[in-house]
Amino acid sequence: MKKVCDYCNSQYDDTLEKCPNCGAPNDNVRKATGVPTTIEELKKWYTDHHLPPEETTRFFIGKDIKEPKAFGIYKDDSGDFVVYKNKANGERAVRYRGGDESYAVNELYQKLKDEIARQKGNQSSSRSSSGSGRKKSSLSDKFWELVGGLIVAFIGFCWLAAIGEFLKYIAIAIVIITIIVAVKALLNPQSNKKSIAKYATIAIVVALVLGLLGRFFAPVNKNGYYNIGGNTYYSKDDSWYAYDYLSDDWYYYDDIPYIDSDTEYSDYYEGHSSYSDGDIGTSFTDSDYYEDNFRSSSDSDWDSDSDWDSNDSWDSGGSDWDSDW
């Protein structure tokens with residue numbers, strides 16, 4: 001959709017953060033929950049994610065550090081926000097200097113997230129190297145760990161998504177994986193046949209239980225768009241939502257759309273990701289209602305992968321301190 005700039009009246013795509021003509025910010029752009037936009041918010045984000053002291057990470061928020069090997073952001077006496085990197089030789093490279101605090105904070109924030117990911121990658125590599133000399137697990141142990149891990153992962157994914165809609169597919173996947181792994185294990189003459197049979201049986205039973213639960217929790221109607229009586233609806237887990245043409249948005253429909261007694265709701269199904277009414281400007285998943293009631297709760301932990309384990313060690317010496325950023 002197009003937006004009219006509040007400052008210069010030019011039209012531009014409402015997904016852009018700024019007006020391409022005059023540079024005015026677009027206040028309607030939705031931003032991921034939890035992303036810091038001020039120095040104080042970035043400080044809180046740093047603390048909330050349990051990161052090591054700044055002397056360890058070498059990320060200094062709100063401080064103008066002169067020492068070599070330092071990333072930082074601060075507000076200078078003129079009111080400008082400065083994002084900088086002090087190289088290994090003490091030379092300073094300024095990444096940004098200007099009055100846009102949100103932009104400045106985002107520059108350091110993205111660099112910090114990249115560094116966290118790099119540090120975590122180093123931790124994983126160290127664990128793999130240290131564990132390479134350990135005694136190898138038995139074939140039955142590996143089989144059980146694999147199947148158990150897959151079951152837990154699938155159940156977790158199912159719980160976060162639409163539980164009834166995915167359980168039956170998870171059950172099928174568990175059965176297929178179990179059969180493949182069990183056959184490969186049985187072909188090995190050194191394998192413990194009784195253990196493999198026991199673990200495979202447990203996995204199949206779990207799959208059957210998940211399949212039955214899937215049928216029980218599955219919504220009666222498919223999730224997606226329906227065109228009923230000339231109106232467009234969206235069904236999500238058997239709750240109905242209708243489109244308001246005047247406000248170009250969706251709202252909760254506190255009823256069940258009426259259909260003829262000799263028809264089924266599946267007869268009116270338009271699909272999950274598309275709809276036939278060309279007069280609709282906003283899809284259900286892009287609507288304010290969806291943003292407020294479905295997406296915000298799941299997005300609140302979108303950057304949880306940046307949490308730091310206190311048992312891990314941070315090695316800032318491995319950073320590239322010779323580049324400008």
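Is Glu-54 buried or exposed at 17% relative accessibility? Glu-54 counts as buried, because its relative accessibility of 17% falls under the 20% limit. The close-up views below all come from a predicted model.

**Figure 1. The salt bridge between Glu-54 and Lys-63.** The closest N and O atoms of Glu-54 and Lys-63 are 2.3 Å apart.

**Figure 2. The salt bridge between Lys-87 and Asp-324.** The side chains of Lys-87 and Asp-324 meet with an N to O distance of 2.6 Å. Lys-87 belongs to the loop between β5 and β6 (92-98), and Asp-324 to the segment after α7 (288-299), so the contact ties together parts that are 237 residues apart in sequence. Lys-87 has a relative accessible area of 9% and is therefore buried.

**Figure 3. The salt bridge between Lys-44 and Asp-48 in helix α1.** The closest N and O atoms of this pair lie 2.7 Å apart. Lys-44 and Asp-48 are separated by about one helical turn, because they stand four residues apart in α1. Lys-44 is exposed, with a relative accessible area of 52%, while Asp-48 counts as partly exposed at 40%.

**Figure 4. A network of salt bridges that links Asp-64, Lys-66 and Arg-92.** Three charged residues, Asp-64, Lys-66 and Arg-92, are connected in this network. A search of the whole structure finds eleven salt bridges.

**Figure 5. The largest nonpolar core.** This core holds 22 residues, and the members that touch the most others are Leu-51, Ile-73 and Leu-108. Two or more residues are given to the core by each of the elements α1 (39-48), β3 (59-61), β4 (70-75), β5 (81-86) and α3 (101-131). The helix α3 gives the most, with six residues.

**Figure 6. A surface patch of negative charge.** Asp-260, Asp-262, Glu-264 and Asp-267 gather in this patch. Asp-267 is placed in the loop between β10 (249-252) and β11 (269-271). With 52% relative accessibility, Asp-267 counts as exposed, because the limit for that class is over 50%.

Technical notes
Residues numbered from 1 in each chain as written. Predicted model: local features only at pLDDT ≥ 70, side-chain atom pairs only at ≥ 80, totals over all residues. Heavy atoms only, no water. Core = buried A, V, L, I, M, F, W, Y, C linked by side-chain atoms within 4.5 Å. Buried < 20%, exposed > 50% of the residue type's maximum accessible area, 1.4 Å probe, protein only. Patch = residues over 30% accessible without salt bridge, like charges linked within 9 Å, V, L, I, M, F, W, Y side chains within 5 Å. Areas by Shrake-Rupley, 256 points an atom, 1.4 Å probe, with all protein chains shown as cover. Salt bridge = Lys/Arg side-chain N within 4 Å of Asp/Glu carboxyl O. Lys, Arg positive; Asp, Glu negative; His and termini not counted. Charge placed at Lys NZ, Arg CZ, Asp CG, Glu CD.
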